[in-house]
Amino acid sequence: MYAIDLHSHTRFFHGHRALGDAFDPIGVRLLTKAAAMRGLDAVATTNHDYYTPFSGSVDILPGIEVSSSQGHILVVGPNPPTETTPGELTPEVVVDIAHSRGCAAIIAHPYRNSTVRDVKADFDAIEINGKHPRTHEWVRRLARKRDLPLVGGSDAHYPVEVGRAYTTVDVENPTPENIVEAIRDGRVEPHVSINFINRLAHRGYKLTHGHKGWMSNPDTSSPGIGEPPQESES
């Protein structure tokens, strides 16, 4: 089994693109060292609306978190797009782009600031997000309803958050192409680590995202997403 965090970021701030690009090499070193300390084999770097090749102390799976017109979608695999414009692409177009580039298209945090879960596109998996443990059973129900595999991703913006949710992949040769194939085949299993630091972080995210009106409950009507997700959001 191959353990990988399928959702991580190399910076803790947004905006200031030039400053962020300068920080990314530092961020990826911290990110991959934290992943190695937690026993992970790899991380996917899924920065908001841009992809830059990185190397680190564990394997790095190329990826991008696309801010579609209805919420965030992870695109991971051998050849993700290098840049997308927040709010410009529909989920259907994002899925088509992902598949044309040999990548998997994964619904990210389906109950935070998103209605992507309602789109009838050919997604490859749904994410259990490390920031929101209270949504995990909702996500499992959604995956059963959509007949899609579940994966885990920490959504880490700080190195200490890496690995709080991750995915084990049943693959012998963990190339990006083989990982994508395993995701599509359902040879994956999500895992969530709940410790003291993660509990404190969960409380903070719950308060912050709840205050912004980003959280929704599948048993009530969806609030929609308001404005398209922008790079200024976490």
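Modeller: The account below takes the salt bridges and then the aromatic pairs. Please bear in mind that the model is predicted.

A search of the whole structure finds 8 salt bridges. One of them joins the side chains of Asp155 and Arg112, with a nitrogen-to-oxygen distance of 3.1 Å. Asp155 is in the loop between β7 (150-153) and β8 (165-169), while Arg112 is in the loop between β5 (104-107) and β6 (125-129), so this contact ties together parts that are 43 residues apart in sequence. Both partners are shielded: Asp155 is buried, at a relative accessible area of 0%, and Arg112 is buried as well, at 2%.

Asp155 also takes part in a salt bridge with Lys131, where the closest N and O atoms are 3.6 Å apart. Because Lys131 lies in the loop between β6 and α3 (136-146) and Asp155 in the loop between β7 and β8, the pair ties together parts that are 24 residues apart in sequence. Lys131 is buried too, with a relative accessible area of 1%.

A further salt bridge is formed by the side chains of Arg184 and Asp124, at 3.3 Å from N to O. Here the partners come from distant parts of the chain, 60 residues apart: Arg184 belongs to helix α4 (residues 176-185) and Asp124 to the loop between β5 and β6. Arg184 is partly exposed, with a relative accessible area of 38%, whereas Asp124 is buried, with 8%. Elsewhere, Arg11, Asp21 and Asp24 are connected in a network of salt bridges.

Turning to the rings, the whole structure contains 3 aromatic pairs. In one of them, the rings of Phe12 and Phe23 have centres 5.5 Å apart and planes at 80 degrees; the pair is therefore edge-to-face, as the angle is over 60 degrees. Phe12 is situated in the loop between β1 (2-8) and α1 (17-37) and Phe23 in helix α1, so the contact ties together parts that are 11 residues apart in sequence. With 41% relative accessibility, Phe12 counts as partly exposed.

Phe12 also pairs with Tyr158 in a stacked arrangement, 5.5 Å from centre to centre and with 15 degrees between the planes. This pair links distant parts of the chain, 146 residues apart, since Phe12 is in the loop between β1 and α1 and Tyr158 in the loop between β7 and β8. Tyr158 counts as partly exposed, at 39% relative accessibility. Phe12, Phe23 and Tyr158 form one aromatic cluster.

Key: Residues numbered from 1 in each chain as written. Predicted model: local features only at pLDDT ≥ 70, side-chain atom pairs only at ≥ 80, totals over all residues. Heavy atoms only, no water. Salt bridge = Lys/Arg side-chain N within 4 Å of Asp/Glu carboxyl O. Helix = DSSP H or I, 4+ residues; strand = E, 2+ residues; numbered from the N terminus. Buried < 20%, exposed > 50% of the residue type's maximum accessible area, 1.4 Å probe, protein only. Phe/Tyr/Trp six-rings, centres within 6.5 Å; stacked < 30°, edge-to-face > 60°.
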